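The entries follow the order in which I looked things up.

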Amino acid sequence: MSSAAADDTKRSAKWQERRDVIIDTSATVFARRGYHATGIAELCEVNGFGKGAFYYYIGSKEELLAAIHDRVMDEVMAGADRVARADGSPSAQLAMLGAELLGVIHRYPDHVWVFLHEFPALTDERAEQFRTRRRSYERRV
């Protein structure tokens, strides 16, 4: 691997790591204040950067909301996949699915609160993507 390619991979990993921290920190703010009551300036302040950095890592406030929803959906879908691969009766698998969901709620309480209460703020293709993923999870169950 060339040095330039290694730098790009390293930068991408660092970029994603920083973006993940922003998503997590912002989920807490949205859970406490609400999506509509939270402004870009407040998100920048709690994350310790200016608006330029916010747009570099996130793009828009709605994109941030969608990323929080994706974090929850990624986790519950992964849990549903683990349950589908497990042996056991339907009732045992349902119990495992419940345990998986409780695990997500325990690990990401603010994200889950935002997921459950702020999804109406998603618009257009982001709202449709959310509905599609949710239907996919429901079909798995």
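I began with the second largest pocket, whose lining I list as Ala80, Val83, Ala84, Pro90, Gln93, Leu94, Leu97, Arg140 and Val141. A pocket here is an open set of points on a 1 Å grid over the protein atoms alone, where a 1.4 Å probe fits, with protein on both sides within 12 Å along at least five of seven lines; lining residues have an atom within 4 Å of a point. H4 and H5 are the elements that give two or more residues to this lining, and H5 gives the most, with four. Helices are DSSP runs (H or I, at least four residues), numbered from the N terminus.

I noted that the model is predicted: local features need pLDDT of at least 70, side-chain atom pairs count only at pLDDT 80 or more, and totals for chains, interfaces and linings use all residues. Residues are numbered from 1 along each chain as its sequence is written, and side-chain values use heavy atoms, with hydrogens and water left out.

I then looked up the volume of the largest pocket, about 220 Å³; a volume is the space filled by probe spheres set on the grid points, which are joined across faces, edges and corners. Its lining includes Val72, Met73, Arg134 and Glu138.

Last, I checked H4 against H7: their axes (lines fitted to C-alpha atoms over the stretch in contact) come within 11 Å and cross at roughly 10°. H4 is therefore roughly parallel to H7, the term for angles under 35 degrees.

How values were computed
Axes are lines fitted to C-alpha atoms, for helices over the stretch in contact, and angles run from 0 to 180 degrees between N-to-C directions. Angles under 35 degrees count as roughly parallel, over 145 as roughly antiparallel, 65 to 115 as roughly perpendicular and the rest as oblique.
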